[in-house]
Amino acid sequence: MPYVDGFVVPVPKDKIEAYRAMAETAGAVWREHGALEFHECIADDIKPGEVTSFPQAVQLKEDETVFFSWIVYNSREERDVINEKVMNDPRLKDSMTPESMPFDGKRMFWGGFRTFVSL
């Protein structure tokens with residue numbers, strides 16, 4: 001079954017187009033290095049919860065929105081190889097520094113997941 005990396009990140013509304021440009025470049029790089037799929041989704045229906053929620057998880061500010069993103073790989077092993085290549089790809093080097101990111105990387109969270117059910 002496929003392996004998935006998932007990401008949640010708050011993005012200032014006035015930096016959405018800069019985020020799109022970064023995501024389009026990143027997606028092309030990930031796919032070129034072997035990722036099966038690359039998805040970036042902008043929040044459309046997220047509400048604060050009583051205990052937790054997307055807005056609460058990223059400490060969402062009034063002038064921001066949430067992106068939920070995922071990348072699909074054949075396996076964890078392939079993901080590890082692909083991610084190493086991506087992190088060393090010169091096309092993304094400049095966008096990996098905190099001052100060049102169009103979002104606050106400190107409030108981003110991510111993780112790797114084994115597929116459990118796929119229909």
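**A loop and its neighbours**

Mentor: Let's start at glutamine 59, which is exposed at 57% relative accessible area; exposed means over 50%, buried under 20%, and partly exposed in between, with a 1.4 Å probe and protein chains only. This is a predicted model, in which local features need pLDDT of at least 70 and side-chain atom pairs pLDDT 80 or more, while totals for chains, interfaces and linings use all residues. Residues are numbered from 1 along each chain as its sequence is written, and side-chain values use heavy atoms, with hydrogens and water left out.

Glutamine 59 sits in the loop between helix H2 (54-57) and S3. Helices (H or I, at least four residues) and strands (E, at least two) are DSSP runs numbered from the N terminus. Although glutamine 59 is not a glycine, its phi is positive, at about 50 degrees. For background, most residues other than glycine have a negative phi.

Arginine 107 is placed in another loop, between helix H4 (90-93) and strand S4 (109-114). Its relative accessibility is 10%, so arginine 107 counts as buried. Setting aside neighbours within four places in sequence, arginine 107 has contacts (heavy atoms within 4.5 Å) with Val8, Pro10, Val58, Gln59, Leu60, Lys61 and Glu64. The arginine 107 side chain reaches the backbone oxygen of valine 58 at 2.9 Å.

The side chains of arginine 107 and glutamate 64 are joined by a polar contact of 2.5 Å. That term means a pair of N or O atoms within 3.5 Å; within protein, one must be able to donate a hydrogen and the other to accept it, and residues adjacent in sequence count only if both atoms are side-chain atoms.

Glutamate 64 belongs to strand S3, and at 7% relative accessibility it counts as buried. Not counting residues up to four places away in sequence, glutamate 64 touches Pro10, Val11, Pro12, Lys13, Gln59 and Arg107. Both glutamate 64 and arginine 107 therefore list Gln59, if you read the contacts by their 4.5 Å definition.

S3 pairs with S1 in the antiparallel sense over ten bridges, and strands pair if DSSP finds at least two bridges between them. One of the bridges puts valine 9 with phenylalanine 67 of S3. S3 also pairs with S2, again in the antiparallel sense, over six bridges, and glutamate 40 stands opposite serine 69 in S3.

Finally, strand S3 (64-73) is among the elements that each supply at least two residues to the lining of the largest pocket, as are strand S1 (3-12) and strand S2 (37-42). H1 gives the most, with five residues.
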